[in-house]
2 protein chains.
Amino acid sequence: MSAIVSRRDLEFLLYECEQVERFFQEAPYAHLDRETVDSMIDSAQAIAEEFYLPVAAKVDAQAPQFVAGGGDVVVPAETGKALRAYADAGLFGQTFAQSVGGLELPYVVSTAINGLFSAANQSIANYSMLTVAAAHLLDKWGSEQQKTLFLAKMLHGQWLGTMCLSEPQAGSSLADITTRAESAGDGTYRIHGTKMWISGGEHNLSENIVHLLLAKIPGGPPGVKGISLFIVPKRWVNERGELGDTNNITLVGLNHKMGQRGTTNCLLNFGERGPTKGYLVGAPHQGLRYMFDMMNEARISVGHGAVTSGLAGYLYSLDYASERRQGRLPGHKDAASPQVPLIQHADVKRMLLAQKAAVEGALALIFYCAALVDRKAVAPSAAEADDLELLLQVLTPIAKSWPSEHCLEANKWAIQVLGGAGYTVDHPVERLYRDNRLNHIHEGAYGIQGLDLLGRKVRLSGGRGLELLFGRIHETLLTVQHPDLQPRAVALTDSIEHWRRATSACVQCPDEILGLANATPYLDAAGHVVIGWLWLRQAQIAHEKLPGAGPADRKFYEAKILACRYFFRYVLPGAAVLFDLVRSLDDTCTVTEPEHLHAGR
Amino acid sequence: MSAIVSRRDLEFLLYECEQVERFFQEAPYAHLDRETVDSMIDSAQAIAEEFYLPVAAKVDAQAPQFVAGGGDVVVPAETGKALRAYADAGLFGQTFAQSVGGLELPYVVSTAINGLFSAANQSIANYSMLTVAAAHLLDKWGSEQQKTLFLAKMLHGQWLGTMCLSEPQAGSSLADITTRAESAGDGTYRIHGTKMWISGGEHNLSENIVHLLLAKIPGGPPGVKGISLFIVPKRWVNERGELGDTNNITLVGLNHKMGQRGTTNCLLNFGERGPTKGYLVGAPHQGLRYMFDMMNEARISVGHGAVTSGLAGYLYSLDYASERRQGRLPGHKDAASPQVPLIQHADVKRMLLAQKAAVEGALALIFYCAALVDRKAVAPSAAEADDLELLLQVLTPIAKSWPSEHCLEANKWAIQVLGGAGYTVDHPVERLYRDNRLNHIHEGAYGIQGLDLLGRKVRLSGGRGLELLFGRIHETLLTVQHPDLQPRAVALTDSIEHWRRATSACVQCPDEILGLANATPYLDAAGHVVIGWLWLRQAQIAHEKLPGAGPADRKFYEAKILACRYFFRYVLPGAAVLFDLVRSLDDTCTVTEPEHLHAGR
């Protein structure tokens with residue numbers, strides 16, 4: 001039994017829920033079929049289990065160290081070995097065209113594959129994730145020459161990449177970045193400034209590091225409209241592709257984190273010890289647009305990381321609960337009788353179901369969103385592509401945040417199932433909990449996602465994105481046939497009504513601050529409804545498949561139906577409560593003054 | 001501004017809510033007055049801030065190490081220095097009679113004092129907490145000679161103590177301990193067995209360690225009825241009080257924990273390398289009764305630790321949010337305008353209010369329970385003492401669990417307020433989060449507390465304990481005068497109705513397993529109602545005091561009223577949802593089989 005994946009669940013989501021085989025019927029995925037994809041997943045799983053999983057505790061314990069003198073940041077050799085295995089399997093190029101040496105997989109398949117690595121070892125998976133994100137930017141917006149110089153190296157994992165957005169004074173507020181890029185007159189720019197929280201910003205893993213960096217060209221518009229995107233390599237690469245000397249990027253410090261400790265995270269100075277040169281990507285002042293063009297994927301990817309940390313904890317605690325014996329059931333207190341496996345206790349089953357409901361529910365959302373990315377790419381018309389994009393825009397903050405909250409919660413219960421053992425480094429669950437805590441913070445913090453959903457996404461095109469979503473949910477409701485699911489359909493319909501009313505109240509609120517004050521509870525409630533919908537969809541498919549299922553599959557489908565029931569009884573009722581709070585335009589937070597909170601100290 | 005306490009809030013809880021000055025009017029507390037107690041709190045705060053707080057990061061980073069060869073476990077010197085300061089102030093003896101050298105403080109005052117230390121540095125505070133717990137057992141059940149031999153040394157902090165309950169095969173299930181104690185015929189016993197999760201079990205902090213250990217005397221009754229209590233010192237102490245050689249207690253291993261890393265946690269073998277001797281405390285086979293006699297206090301103390309970790313995180317994130325500038329308010333997006341302090345953002349205020357509501361609400365419960373311990377001790381009649389004990393029995397699992405859940409949640413929001421910075425070791429909030437995660441596990445795990453409340457406590461004396469609690473809540477409701485609080489009174493009354501119905505459904509359920517299957521949600525909901533009650537009580541007192549309050553106190557009282565409002569609007573509505581689930585006797589967890597959860601793996 002794998003510690004990082006339920007392959008049956010992966011197949012269920014890919015082929016039974018998202019019907020990914022349909023993608024293989026036409027361009028650009030006609031080179032694929034299910035057998036090929038499954039064998040790619042097999043290989044990826046083997047690499048993740050051989051090179052990533054066994055060293056997860058080690059790369060956590062031996063966090064990257066700055067070695068004074070040499071100026072190098074030393075990462076355990078296992079990290080490089082794992083990334084080499086990933087690169088050798090061509091996995092850096094999963095979603096890139098075959099013409100640039102990629103595997104040209106649908107995004108949803110690549111998501112399935114990358115989840116194996118993040119479940120096994122998020123710290124190592126981060127290096128490739130960031131490199132691929134940077135490579136995507138270059139692939140889409142870079143010049144042919146820039147692609148020639150950088151892309152192939154990155155797709156071979158020979159040069160790793162980063163995304164340099166935040167600065168010490170500008171974390172959530174990118175409008176306030178101050179890093180400057182001045183034209184050198186020779187087609188390159190001189191970069192001056194400091195970048196913060198740069199994952200993979202320095203290490204000894206690759207001969208070069210390709211930073212994709214946001215900076216302002218003096219004289220441009222203020223705020224986010226004056227941000228441009230640059231390629232700033234650690235070692236300069238001239239126009240003939242020759243690797244030069246240091247590009248004067250100075251490591252100011254490593255951040256020592258609670259989790260995801262195996263990924264370096266750096267404060268970097270540019271242009272302090274000598275000139276730091278960069279290539280402008282695309283047009284000036286368009287940097288944030290380019291960056292946000294891949295923001296859906298980046299945020300889905302963070303949500304996915306949260307899910308896979310939750311999944312690894314769930315699987316581990318499930319196995320532990322099946323082996324470890326402790327206590328007896330109510331009514332059976334004879335101390336001479338053997339103790340029962342933990343999994344026999346109702347409360348332990350509750351903690352396992354809570355994890356399953358969160359993890360598999362959220363995974364369904366991640367796959368749904370990933371498949372939307374693919375559907376948008378092959379949409380038969382621009383109008384349909386626009387609709388899919390709108391739908392994706394609405395779902396993205398949910399896909400980023402709901403797992404960050406509820407799969408972290410799942411990790412909490414995984415620890416709890418193990419008891420004291422779960423609190424020690426002898427088991428991975430405490431590390432997974434620490435790792436997962438990051439996901440609410442990076443790529444747009446929880447509160448930012450709430451503002452994004454309620455302040456922007458549900459208002460786009462006159463609220464069309466939300467209506468598209470409700471339309472999709474309605475389509476699922478129409479398929480629900482089994483009488484067991486009728487009460488769920490009613491509950492879901494009711495929760496959508498609460499959602500609508502809360503949205504109207506906020507959108508119509510003349511006081512903009514008050515109207516957005518409860519954006520985070522709104523986001524959380526929206527997540528409950530969306531995950532509830534996707535559980536109902538899973539349960540409906542399970543009911544359809546049950547009659548023809550063999551014994552093993554029978555239990556699998558029954559478990560889907562049980563987890564759906566768990567979600568609707570234990571979790572979904574919270575959505576209406578939250579939406580009612582939001583709808584009331586509660587002003588408790590806005591009327592509270594700093595003086596109140598400091599009073600009496 | 002202190003990082004570990006709001007003194008005004010401490011005074012509010014002690015003197016305005018619990019009216020502790022009344023204790024000082026008669027024996028055994030007539031030697032005290034408010035001025036004396038306040039100056040003791042001053043001194044304790046000074047010690048906590050000088051010796052505990054500044055080394056909290058260090059004792060976390062430099063977890064105890066086993067030094068092979070010497071056989072010693074080395075703890076940073078700062079730990080010993082802090083405990084010496086605590087001892088020198090007489091604080092080991094806070095709640096002991098003056099006749100044995102104690103300060104003879106009410107338990108609630110001692111709770112206030114100890115909270116300063118656990119907020120500052122839980123890892124160090126654990127050593128004294130465990131020693132005091134062991135000393136209490138000896139004081140109450142030990143022979144005069146045992147007290148002479150051990151108690152004075154422990155009350156001076158010269159010898160530290162531990163509680164040895166769990167074993168590798170017996171964590172939550174104490175009925176299954178197998179450690180044997182065989183009479184040596186000379187009044188001592190020979191101990192054989194292995195004890196697990198022993199906090200403070202080995203270290204170089206004191207010349208001796210006094211283990212209070214549960215073991216079975218062969219031939220006794222099976223299960224928990226055959227457990228006896230023993231004094232098992234690390235170095236033998238003969239009947240003349242002479243410190244002898246090693247008592248052959250072997251350190252098998254140190255547990256490396258996610259948090260509370262500064263407290264050693266050990267696997268110990270007794271009697272393996274030579275005879276381990278012990279003194280029997282009290283009568284044979286009464287050990288668990290003795291142990292549970294102090295279980296209320298031990299569990300309140302764990303809950304209190306959860307609160308103080310939450311409090312320290314709240315205060316830190318409040319200060320950070322007041323200083324750190326980031327972003328602008330909705331409707332003010334001009335990038336040329338200065339960024340606003342984080343605390344101006346509605347969502348940050350929400351995260352701060354969430355912390356305040358959890359932390360100060362839970363602290364009110366801890367103080368309420370602690371004062372009940374005192375009231376019980378000085379109760380004018382046995383009947384009243386019995387009532388207070390029953391009430392305390394009902395509240396104890398709540399006081400242990402609600403803070404463990406919701407003040408951990410508070411720590412999560414403290415990290416979130418800081419963003420990426422909160423995820424690094426540069427700030428204490430990530431450590432507080434790691435520390436706090438333990439509290440759901442030790443001294444009876446969350447699920448055990450749920451079973452204790454629903455399976456035992458609410459059924460004691462025909463449900464009298466619960467009715468006593470509802471009576472107390474009703475008394476508060478009768479005092480509520482201010483119109484602003486009327487909706488809260490209605491909501492609280494309604495939530496009690498939900499509680500009653502859920503209780504009836506479970507108690508009357510003929511299927512014992514099903515009736516207890518949702519004990520944990522029941523416990524959580526009960527906590528919401530109890531904390532809601534104590535918030536209403538705080539808000540009512542605040543309303544009474546407001547008209548005569550000066551400007552600073554005005555803001556303090558207004559903040560209490562706002563936090564009460566926050567709790568009733570954002571948290572309490574969840575109670576009815578949970579109670580309705582419990583009342584439905586939902587069987588999702590009981591019908592789920594292990595095969596369902598393993599299907600498809």
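Predicted model: local features only at pLDDT ≥ 70, side-chain atom pairs only at ≥ 80, totals over all residues.
Residues are numbered from 1 along each chain as its sequence is written, and chains are lettered from A in the order in which they are written. Local features need pLDDT of at least 70, side-chain atom pairs count only at pLDDT 80 or more, and totals for chains, interfaces and linings use all residues, while side-chain values use heavy atoms, without hydrogens and water.

Q: Why is the link between E593(A) and K555(B) called a salt bridge?
A: A salt bridge requires a side-chain nitrogen of Lys or Arg within 4 Å of a carboxyl oxygen of Asp or Glu. The closest N and O atoms of E593(A) and K555(B) are 2.7 Å apart, so the pair qualifies. Between chain A and chain B the count is 12 salt bridges.

Q: Why is the pair W499(B) and F579(B) called stacked?
A: Rings of Phe, Tyr and Trp (its six-membered ring) pair if their centres lie within 6.5 Å; planes under 30 degrees apart count as stacked, over 60 as edge-to-face and the rest as tilted. W499(B) and F579(B) lie 5.7 Å centre to centre with 20° between the planes, and therefore count as stacked.

Q: What makes W499(B) and F579(B) buried or exposed?
A: Buried means under 20% relative accessible area, exposed over 50%, and partly exposed in between (1.4 Å probe, protein chains only). W499(B) has 0% and is therefore buried; F579(B), also at 0%, is buried.

Q: Why is Y86(B) called buried?
A: Its relative accessibility is 2%, so Y86(B) counts as buried.
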